[in-house]
Amino acid sequence: MAKPILKWAGGKRQLLDELKNRFPRSYTHFHEPCFGGGALFFDLEPENGTINDTNSRLINFYKQVRDHPDELIELSRSFKDPESEPDPERNFSETNRKGKSISNYYYQQRELFNNRPYGDEYDDLEEAALLLYLNRTCYNGLYRENSSGGFNVPIGRYSNPDWVREKEIRRASRVLQNTNIYNTDFEYIRNKAEEGDLVYFDPPYEPMSPTAYFTDYSADGFGQEDQQRLLELAKELDQKGVSVILSNSGVMYEMYDEAGFHVEVEGATRAINSDAENRDEVDEIIATNVPPKQRQTVGQSGLSDF
Ligand SMILES: C[S@@+](CC[C@H](N)C(=O)[O-])C[C@H]1O[C@@H](n2cnc3c(N)ncnc32)[C@H](O)[C@@H]1O
C-alpha cells in the first residue's frame, strides 16, 4: 500500500474503502484517467495499466519518478529552505518576470518552475523536482495556475518542510514500472480499456452551487460539457464490458442514476477551496456499473467463505 507522493486537491485517501468496496471480483488492467495525486492507484499498487492527467507538469513528474528516481531524489536534496536567500547563480535571484523583487528562495524556485508555461527553456528532471519542492513548501500544498498556466501559490509556513520524499519516490517508482503514462484528455481510455478492465474516473467535481469553484486544477478548467462527455464515455465502456467506478459531487447523482449506474451518496466533507473562509461542504457520490452481487466484498464476506 503505497501513499501518494504529492498533496493534491480532491485527493481520495478518505474514500479508499468505499471505492474498493465496489471493485469487481476480478479485473485485468487498472486505469486512472484523471490521476492527480493517484491515492487509489498507489494504495492498490496495480501491476499494469494506464494513468493520465491533462496537467503536463504533473505527468512529467510521474514519468521522472518512474524512470529516474535516483536523479530526482539527488536533485531534490540540493534544494534549500524556502525562506533562505535566492541562489545567486540562477535566474530570478533578484527580480521575477514582472520585475518585482524576489524575497526568498521559494519565490525564485516558483519562477524557475514556470519556465515551461512562459516559453523559456526547461529541463524535465528539474521541473519534476521543483514540482515536488513547491508542493511540499507552498501554502496548503495547493496546485493552482493563473490563466497563462503559471503556478501562483504563495509560500507556506512549515516548521520543518520535507521535500525529498525518498521512500515514497522509490516505492512509487517500483509501482509505476509497468504503467503507461499519458498526458491528454480522459477520452484516450476509449481505445485503451479492454473488456474485463477496471477504470476509475475522478474528474474535477461539478460545483454543488454556482458560487462553489472546484475547477481550479489547471488553466483549462472542466465544464458541464466535459461532465457530459465523461458520462457518455462511461456508458460506452459499460457496453464494452469494462468495469467503471466514478466519483463526483452530489449534483451528478441523477445523471448517473438515469443512465443506469448504481449510485450512492457518500456524504464526505471536503475542503478544497484555497480561501479558508469559503470552504464548502460537498456531498460526494460514487457511481458504478458493477452490480452489488458481483463485487469483491460480497465474495469475501459470504457465509460460505467461513
Ligand atoms: C479530483 S482530481 C483527481 C484526484 C485524485 N483522484 C487523487 O487521489 O489525488 C481531478 C484531476 O483531473 C485532471 N483533469 C482535468 N481535466 C481533465 C481531462 N479533460 N482529462 C483528464 N484529466 C483531467 C485534473 O488535472 C486533476 O488532477
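**Entry 1: the second largest pocket**

I sorted the lining of the second largest pocket in this predicted model. I found four nonpolar, seven polar and five charged residues there. Then I looked up the volume, and about 330 Å³ of space lies in this pocket. Its lining has 16 residues, and the closest to the pocket's centre are Asn-96, Lys-98, Arg-110, Glu-111 and Tyr-118.

**Entry 2: strand E2 and its partners**

Next I turned to strand E2, residues 49-52. Which strands pair with it? I checked strand E1, residues 30-32, and it runs parallel to E2, joined by three bridges. His-31 stands opposite Thr-50 of E2. To get from E1 to E2, the chain passes through helix H2, residues 39-44. I noted the hand of this β-α-β crossover: right-handed.

E2 also pairs with strand E3, residues 179-182. This pairing is parallel too, with four bridges.

Are the faces of E2 covered or open? I recalled that side chains in a regular strand alternate between the two faces of the sheet. In E2, Gly-49 and Ile-51 lie on one side, and Thr-50 and Asn-52 on the other. I found these residues all buried, so both faces are covered.

**Entry 3: helix H3**

Last, I followed helix H3, residues 56-67. It has 12 residues and reaches 16 Å from its first C-alpha to its last. That is close to the 16 Å expected at 1.5 Å a residue.

How many of its 12 residues are buried? I noted nine, which leaves H3 mostly covered. Among them are Leu-58, Ile-59, Phe-61 and Val-65, but also Arg-57 and Arg-66.

Key: Residues are numbered from 1 along each chain as its sequence is written. This is a predicted model: local features need pLDDT of at least 70, side-chain atom pairs count only at pLDDT 80 or more; totals for chains, interfaces and linings use all residues. Side-chain values use heavy atoms; hydrogens and water are left out. On a 1 Å grid over the protein atoms alone, a cavity is a set of points where a 1.4 Å probe fits but cannot get out, and a pocket is an open set with protein on both sides within 12 Å along at least five of seven lines; lining residues have an atom within 4 Å of a point. Grid points are joined across faces, edges and corners, and a volume is the space filled by probe spheres set on the points. Ala, Val, Leu, Ile, Met, Phe, Trp, Tyr, Cys and Pro count as nonpolar, Asp, Glu, Lys and Arg as charged, and the others, Gly among them, as polar. Buried means under 20% relative accessible area, exposed over 50%, partly exposed in between (1.4 Å probe, protein chains only). Helices (H or I, at least four residues) and strands (E, at least two) are DSSP runs, numbered from the N terminus. Two strands pair if DSSP finds at least two bridges between them. A crossover is right-handed if, with the strands pointing away from the viewer, the path from the first strand over the helix to the second runs clockwise. The expected span of a helix is 1.5 Å times one less than its number of residues.
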